[in-house]
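Student: Can we go through this model together? I'd like to start with the ring contacts and then move to the strands.

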Amino acid sequence: VQLQASGGGLVQNGGSLRLSCSASGVIFDVMGWYRQAPGKQRELVARITTGSSTVYTDSVKGRFTISRDNAQNTVYLQMNSLKPDDTGVYYCNGRKDWSIDYWGQGTRVTVSS
């Protein structure tokens with residue numbers, strides 16, 4: 001099982017980035033993105049089920065959109081109106097059997113003020 005994330009980078013305040021995560025080896029019931037800011041715990045950003053039900057953390061609602069291509073086994077995170085507080089390492093997550101978590105390598109997002 002592998003999760004391969006890409007799309008991070010440096011962007012100015014108010015800018016946009018799109019993260020992608022391709023999974024291989026298993027179809028996940030839920031896929032999502034978590035982030036970890038310096039000195040803070042990893043937190044959920046957004047997640048999506050195979051049926052396209054979504055959950056977002058309050059701070060990104062209206063700015064971020066998670067989507068999923070089940071045929072390609074890929075999840076995307078479109079991030080608009082980025083703020084410095086969005087800075088961190090973003091991790092792709094896949095959950096199988098609703099309880100077993102797999103993690104991709106992180107991709108760094110830096111938003112300059």
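Student: How many aromatic pairs are there?

Tutor: The count comes to 2 aromatic pairs. Keep in mind that this is a predicted model. One of the pairs is Phe28 with Tyr102, which is tilted, with 5.6 Å centre to centre and 55° between the planes.

Student: Where in the chain do Phe28 and Tyr102 sit?

Tutor: Phe28 is in the loop between β3 and β4, and Tyr102 is in strand β10, residues 100–103. They are 74 residues apart, so the pair links distant parts of the chain.

Student: Is Phe28 buried or exposed?

Tutor: Phe28 counts as buried, because its relative accessibility is 0% and the cut-off for buried is under 20%. Tyr102 is partly exposed, with a relative accessible area of 28%.

Student: OK, and which residue pairs with Trp103?

Tutor: Tyr34 does, in an edge-to-face arrangement. The centres are 5.0 Å apart and the planes are at 70°. This pair also links distant parts of the chain, with Tyr34 in strand β4 and Trp103 in strand β10, 69 residues apart.

Student: What is the relative accessibility of Tyr34?

Tutor: It is 14% for Tyr34, which therefore counts as buried. Trp103 is partly exposed at 38% relative accessible area.

Student: Switching topic. Which residue lies over the face of Tyr76?

Tutor: Arg18 lies there, at 4.1 Å from the ring centre. Arg42 lies over the face of Tyr91, at 3.7 Å from the ring centre.

Student: Now the strands. Why call β8 largely enclosed?

Tutor: Because 5 of the 6 residues of strand β8, residues 74–79, are buried, the strand is largely enclosed by the rest of the structure.

Student: How many bridges join β3 to β8?

Tutor: There are 6 bridges between β8 and strand β3, residues 17–24, and the two run antiparallel. Within that pairing, Ser22 stands opposite Thr74 in β8.

Student: What about β7 and β8, parallel or antiparallel?

Tutor: Antiparallel, over 6 bridges, with β7 covering residues 64–69. Ile66 of that strand stands opposite Leu77 in β8.

Student: How many residues are between β7 and β8?

Tutor: The two strands form a hairpin with 4 residues between them. Asn73 is in the turn and has a positive phi of about 55°.

Notes. Residues numbered from 1 in each chain as written. Predicted model: local features only at pLDDT ≥ 70, side-chain atom pairs only at ≥ 80, totals over all residues. Heavy atoms only, no water. Buried < 20%, exposed > 50% of the residue type's maximum accessible area, 1.4 Å probe, protein only. Pairing = 2+ DSSP bridges. Phe/Tyr/Trp six-rings, centres within 6.5 Å; stacked < 30°, edge-to-face > 60°. Lys NZ or Arg CZ within 6 Å of the ring centre and 35° of its normal.
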